[in-house]
Amino acid sequence: MAARRVAVVGGGPAGLIAAEALAGAGAAVTVFDAMPSVGRKFLMAGRGGLNLTHGEPVEAFLGRYDAARDRLAPAIAAFPPAALIRWCEGLDQPTFVGSSGRVFPRALKASPLLRAWLARLAARGVTIHTRRRWTGWGADGALTFGGPGGAVESVTADATLLALGGASWPRLGADGAWTGLLAARGVDVADLAPANCGFDIGWSSVFRERFAGAPLKRIALSFAGRAVRGEAVVTTHGLEGGAVYALSGPLRDAIAAHGHATLRIDLRPDVDVGALESALAGGRARRSLSTHLQKAAGLAPAQIGLLREAAAGARIETLAPAALAALVKDLPLRLDAPRPIARAISSAGGVRWDAIDEAFMLKALPGVFVAGEMLDWEAPTGGYLLQACFATGLAAARGVAARLGLPAPAAPG
């Protein structure tokens, strides 16, 4: 009997792990990707150190997925962080846990891991076709692709697994064009939106010109009952950085609902307001307020600039020490819009959970499965994004195998 044919559309982590699992179960797997090579966003993620997953306890880990927690939990339980670490080390890429609990390959870069992974896929008979942009289905139900030189290709398969990503960093391959193709077939798709993104702020020209690029270190941000410590960076457009990204989901949703959102910043989270007031009340002598804020309150020039921005036209020199201390500890900053999705680290929205069954198959398109960032979930940076992409890729592969009557794929490794 001929091997069952599976088409995997999308050569990112979700698609490649699905291909590996299905090949191990005996399927004839072909991966199609629009770019000249696979794993481009994966490689980009590794430029600053490939953060594969996180070492925190499972309950805290699952809580990072907010509304999608219960839907992702079975997939992550079946391929948890420990399994992803074993998989990585099985490719001769040892890992380590950083001080923050984040897990990295010891080489830090993604390229050695991807090279070893592609060699394993080739050894297991997985075929990869690049420069094939998926364009939907033909009248006969076959998958259609735009190929090199404008060629149109038609592909038949016993099952299809879509892992086309979201719409962040489209130049790396994930442009969200699939949303229209699936919506036209009756699949319920939530609009894609930026996640782990920065925000636009109406800086004054003086602040923008002086402080664009300045870091804001050891601060605390809060919004809608959530608080996070970390760092941010002032940009020409507004604010970026890890602490901002951690709150980007609720901030984005609030802006969509109300037209803007107010982020609160504590510029000195390790000092209580009383001690700060006392420090500001004395010892100024003849020095300027800026110098006094640097010496007495430990504020950097960009933080002092933020105080002036937040004072909404009033001179902070006129504020009493108590009011100034209160502003340092609770500085309001109006955010006008999230940065464009093309500049976001990841995206929210996608195929709604009610549109798929427990095997990750589209209810409107039997035999078509989805995985990774195509699904409607989001998570912060820190390893949670890649972990869910890997886990849902394997879960969808197991759904494909069950439909085709193949052995249940073992966890790759």
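A residue counts as buried under 20% relative accessible area, as exposed over 50%, and as partly exposed in between (1.4 Å probe, protein chains only). By this scale Asn-196 is buried, with a relative accessible area of 3%. Asn-196 lies in the loop between β11 (189-195) and β12 (199-200). Its phi is positive, at about 50 degrees, although Asn-196 is not a glycine.

The model is predicted; local features need pLDDT of at least 70, side-chain atom pairs count only at pLDDT 80 or more, and totals for chains, interfaces and linings use all residues. Residues are numbered from 1 along each chain as its sequence is written, and side-chain values use heavy atoms, with hydrogens and water left out.

The protein chain has 15 helices and 20 strands. Helices (H or I, at least four residues) and strands (E, at least two) are DSSP runs, numbered from the N terminus. The C-alpha trace spans about 90 × 40 × 40 Å along its principal axes. Of the 413 residues of the protein chain, 50% count as buried. The chain exposes about 17,600 Å². Carbon and sulfur atoms supply 53% of that area. Accessible areas come from the Shrake-Rupley method with a 1.4 Å probe; for residues, only the protein chains shown count as cover.

Contacts were also counted along the chain, a contact meaning heavy atoms within 4.5 Å. Among contacts between residues at least 6 apart in sequence, 69% join residues at least 24 apart. Charged side chains number 43 positive and 33 negative. Here Lys and Arg count as positive and Asp and Glu as negative, while His and the chain ends are not counted. The centres of the two sets lie 7 Å apart. Each charge is placed at NZ of Lys, CZ of Arg, CG of Asp or CD of Glu.

Two strands pair if DSSP finds at least two bridges between them.

Strand β8 covers residues 143-146 and is joined to β7 by 4 bridges. Trp-134 stands opposite Phe-145 in β8. Gly-136 stands opposite Thr-144 in β8. The two strands form a hairpin with 5 residues between them. In its turn, Gly-141 has a positive phi of about 90 degrees.

β8 also pairs with β9 in the antiparallel sense, over 4 bridges. On this side, Phe-145 stands opposite Glu-153 in β9. The hairpin of β8 and β9 has 5 residues between the strands. Within this hairpin, Gly-149 takes a positive phi near 70 degrees.

Arg-131 is placed in the loop between β6 (127-129) and β7. Its phi is near 55 degrees, a positive value in a residue other than glycine. Arg-131 is partly exposed, with a relative accessible area of 48%.

Another open sheet is formed by 3 strands in the order β3-β5-β4, again with antiparallel pairing. Its edge strands are β3 (53-54) and β4 (95-97), each of which pairs on one side only. β4 and β5 pair in the antiparallel sense over 3 bridges. The bridge partner of Val-97 is Val-103 in β5.

Ala-110 lies in the loop between β5 (102-105) and α6 (111-123). Ala-110 counts as buried because its relative accessibility is 2%. Ser-204 is 94 residues away from Ala-110 along the chain. The C-alpha atoms of the pair are separated by 40 Å.

Pro-409 lies in the segment after α15 (384-404). At 4% relative accessibility, this proline counts as buried. Leaving out residues up to four places away in sequence, Pro-409 touches Ala-21, Ala-25, Ala-397, Arg-398 and Ala-401. Ile-304 is 105 residues from Pro-409 along the chain, and the C-alpha atoms of the two are separated by 57 Å.
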